[in-house]
Amino acid sequence: LFNIAESVDDASGFILNVLRSDYMVDEHSDRLLQVELNTTCCAFGSQSDKLCEHFRNVGFSVPPNGFIDTTAGAFLKAHQYWCQEYNQSKAVIAFVVMENERNVFDHGLLKEAIEKRGCHVKSVFLMDTFEQQSDGTITHEGDVISIFYFRTGYMPHHYATEQAWNTRAAMEQSRAIKVPNMLSTLAGLKV
């Protein structure tokens with residue numbers, strides 16, 4: 001991943017991050033302390049929306065989370081800005097997911113919220129074939145990709161073949177917005 005980051009100049013010029021801040025209670029001070037700022041994949045955000053809603057429905061005073069609505073809105077704004085900037089009216093957002101993904105419900109809720117706002121979202125894999133276009137855009141099965149949202153690719157074993165590494169490099173070299181971009185991926189890397 002570091003070699004890809006060193007060799008790539010992010011052609012999009014846009015940055016969009018979806019971050020999750022994790023906390024634990026310190027047993028000595030009884031204070032809530034941040035233990036991680038998750039920069040990649042940020043699982044369970046959509047589910048936390050539903051969990052907060054459930055707690056309110058059974059009588060607990062829990063403030064709304066807003067992850068799904070806020071994040072879908074951010075993706076849509078970034079997508080619209082990118083489409084206007086590159087004069088692309090039919091681009092799509094690609095969720096880069098693991099084959100045999102087990103956490104489909106979490107990103108499925110976000111995908112549904114984005115699509116309800118009028119933007120198509122497709123799931124792609126690191127093993128898929130993408131085509132670099134001469135204008136810097138990248139396509140998958142004929143669809144121009146405006147945003148790659150990485151739900152995988154943050155662990156070395158996610159790159160089981162040379163094809164997966166080449167695909168990630170092609171994604172990074174494209175004009176598509178990367179969520180997260182390679183530098184943010186490296187900042188939050190878990191090894």
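Biologist: Which residues does Ile93 touch, leaving out those up to four places away in sequence?
Modeller: Phe75, His79, Ile114, Cys119, His120, Val121, Lys122, Ser146 and Ile147. Contact means heavy atoms within 4.5 Å. Bear in mind that this is a predicted model: local features need pLDDT of at least 70, side-chain atom pairs count only at pLDDT 80 or more, and totals for chains, interfaces and linings use all residues. Residues are numbered from 1 along each chain as its sequence is written, and side-chain values use heavy atoms, with hydrogens and water left out.

Biologist: How many residues does the largest nonpolar core have?
Modeller: 26. Phe75, Trp82, Ile93, Phe95, Ile114, Ile177 and Val179 have the most contacts inside it. A nonpolar core here is a set of buried Ala, Val, Leu, Ile, Met, Phe, Trp, Tyr and Cys residues joined through side-chain atoms within 4.5 Å. Buried means under 20% relative accessible area, exposed over 50%, partly exposed in between, with a 1.4 Å probe and protein chains only.

Biologist: Which elements supply at least two residues each?
Modeller: α3 (67-85), β3 (92-96), α4 (104-116), β7 (143-150) and β8 (177-179). α3 gives the most, with 8 residues. Helices (H or I, at least four residues) and strands (E, at least two) are DSSP runs, numbered from the N terminus.

Biologist: And what lies apart from that core?
Modeller: Another core, of 21 residues, including Val92, Leu126, Phe148 and Ala169.

Biologist: Back to α3. What covers its buried residues?
Modeller: The cover includes α2, β3, α4, β7 and β8. Among the buried residues of α3 are Phe67, Phe75, His79 and Trp82.

Biologist: New topic: α2. Which of its residues are buried?
Modeller: Gly45, Ser46, Asp49 and Cys52.

Biologist: Why are they on the same side of α2?
Modeller: Because they cover an arc of only 125 degrees around the axis, going by the directions from the helix axis to the C-beta atoms. Their cover includes α3 and α4.

Biologist: Where do α2 and α3 meet?
Modeller: Gly45, Ser46, Asp49 and Lys50 in α2 meet Phe67, Ile68 and Asp69 in α3. By class, that contact has 2 nonpolar, 2 polar and 3 charged residues. Ala, Val, Leu, Ile, Met, Phe, Trp, Tyr, Cys and Pro count as nonpolar, Asp, Glu, Lys and Arg as charged, and the others, Gly among them, as polar.

Biologist: What follows α2?
Modeller: Gly59, with a positive phi near 105 degrees. Just after α3, Asn87 also takes a positive phi, of about 50 degrees.
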